[in-house]
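Please read the following report alongside the sequence and the coordinates.

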Amino acid sequence: MTYRKNIIPANKFRNNDKAISVGNPFWDMSEHHGLAGIVADLDNDLLHIRHGHQFVNFSCCSYLNLDSHHKVIEGALDAVRRYGVLDHCIARSRVQIPALKELEESLGELFGADVLSGVSASSISGGLLPLIASGHLGNGNRPLMIFDKHAHVSLAAAKPACADETEVVTCNYHDLNFIEDSCKKYERVCYVVDGSDSLGGYAPVRELAELQDKYGLLVFYDDSHSISAYGERGIGYVRSHSPALNENTIMVVTLNKAFGTSGAAILLNNYPQSVLRLVERFGGGLNYSQNLNTAAVGASLASAEIHRTAELPILQKKLYNNIALFDSLIPTTQSGQTYPIRLVPVSDERVIDAGRQILEAGFYVSPVFFPIVAKGTAGLRVMMRAGQTEEQIRHLCRIFFDVRAVQ
């Protein structure tokens, strides 16, 4: 028997060889210098690792510190006690506990949308995007799928599946001209983009709304980084600014960043119940993967109630004050925004060593490098939170200068 030894990949929508060959040496260096693979105990917002070293974590997405809020913790415990099971493992299209519907109704009222929950934003996006590509979530036409070049990996990972259903292309970062030109050429276009970027900044929501109104452009937003941290009652950046909250705007948000719990949600407007059922049944992991477990549902119900109180804007203001303090000490291209992530540029050659020195001084900021960012644009990612103290922020910024991470 003769075997074909070499298979040449198409690499049209992903390239593991390139990503691993360039990125893995950085990960190896990060782990070698103690900046990845860390195992640490948490105690009052301080992390402790073996040999007695402790540090403050400035690389955490819980921007409002709700993950440790006593009401969120109690909500998780109460739900498990109430139902007597952690994870009733069956497809949601067949059987689900009442608390799951209660949560979706609560989130729906909070965000002003029809909501379906899922175990993660990645699994939701992986199930939803192919349904959009086939025209089953939309107006029935298969759209040209435009993925933003900087779209999160959880979105970009769906490109091959979408390409089995329709045509898929990638555009430069927020390239409105490319999108409009495509709208003139194709009957239907869907643009896939982060509403709030994992490396700082917001999508051009108002400009996209104009294209939605003019051409019927469908926009798929992942607004995970701004939910809870931005907007009245924490509705996020997109829902605070977009005038196109209709069937042409589809959103995915995570619940395990500023919302402080676990899981994710789809936010839809103006779609009939029959479409919601279709998404439940054919949205991949939405149906066939696990549901939110009972503790996550209870915690999320408690967090949703906090979002309806005066406590939320207080926490948001603390976060914004901490962001402004950092900006006053270390200017970055994100300075002046309410966005809670700052990227301090550091050369590829220096980024690991600078991160190591900062960790040794008692603070953790994560080095980012290709394929997290484009080649040659490495840096240290700083995540601001409401619970950080002024002293901690000032101390961290002094260390940045001490180790020459900034000039």
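The sections below describe a predicted model, beginning with a sheet and ending with a single residue.

## The sheet and its strands

Seven strands form an open sheet with mixed pairing, in the order 4-10-9-8-7-5-6. Its edges are strand 4 (114-118) and strand 6 (168-171), each of which pairs on one side only. With direction ignored, neighbouring strands of this sheet are turned by 20 degrees against each other on average.

Within the sheet, strand 9 (residues 249-254) pairs with strand 10 (residues 264-268) in the antiparallel sense, over four bridges, and Val 253 stands opposite Ala 265 in strand 10.

## Helices packed on the sheet

Helix 7 (residues 176-185) packs on the sheet, where it touches strand 5 (144-148), strand 6 and strand 7 (189-194), and the direction of helix 7 makes about 180 degrees with that of strand 5. Helix 8 (residues 205-215) also packs on the sheet, in this case touching strand 7, strand 8 (218-222) and strand 9, and its direction makes about 155 degrees with that of strand 8.

## Salt bridges

The structure holds 15 salt bridges, among them one between the side chains of Arg 308 and Glu 109, at 2.8 Å from N to O. This pair links distant parts of the chain, 199 residues apart, since Arg 308 lies in the loop between helix 12 (294-307) and helix 13 (311-329), whereas Glu 109 lies in helix 3 (residues 98-111). Arg 308 counts as partly exposed because its relative accessibility is 28%, and Glu 109, with a relative accessible area of 42%, is partly exposed as well.

Asp 327 and Arg 342 meet through their side chains in a salt bridge of 2.7 Å, N to O, which links helix 13, where Asp 327 is found, to strand 11 (residues 341-345), where Arg 342 is found, over 15 residues. Both Asp 327 and Arg 342 are buried. A salt bridge of 3.2 Å, N to O, joins the side chains of Arg 350 and Asp 353; Arg 350 is partly exposed at 26% relative accessibility, and Asp 353 is partly exposed at 28% relative accessible area. Elsewhere, salt bridges that share partners join Lys 101, Glu 104, Arg 277 and Glu 280 into one network.

## Glu 280 in its surroundings

Glu 280, a member of that network, lies in helix 10 (residues 273-282). Is Glu 280 buried or exposed? Glu 280 is buried, because its relative accessible area is 5% and the cut-off for buried is under 20%. Leaving aside neighbours within four places in sequence, Glu 280 is in contact with Arg 92, Lys 101, Leu 116, Leu 286 and Asn 287.

Methods. Residues are numbered from 1 along each chain as its sequence is written. This is a predicted model: local features need pLDDT of at least 70, side-chain atom pairs count only at pLDDT 80 or more; totals for chains, interfaces and linings use all residues. Side-chain values use heavy atoms; hydrogens and water are left out. Helices (H or I, at least four residues) and strands (E, at least two) are DSSP runs, numbered from the N terminus. Buried means under 20% relative accessible area, exposed over 50%, partly exposed in between (1.4 Å probe, protein chains only). Contact means heavy atoms within 4.5 Å. Two strands pair if DSSP finds at least two bridges between them. Axes are lines fitted to C-alpha atoms, for helices over the stretch in contact, and angles run from 0 to 180 degrees between N-to-C directions. A salt bridge is a side-chain nitrogen of Lys or Arg within 4 Å of a carboxyl oxygen of Asp or Glu.
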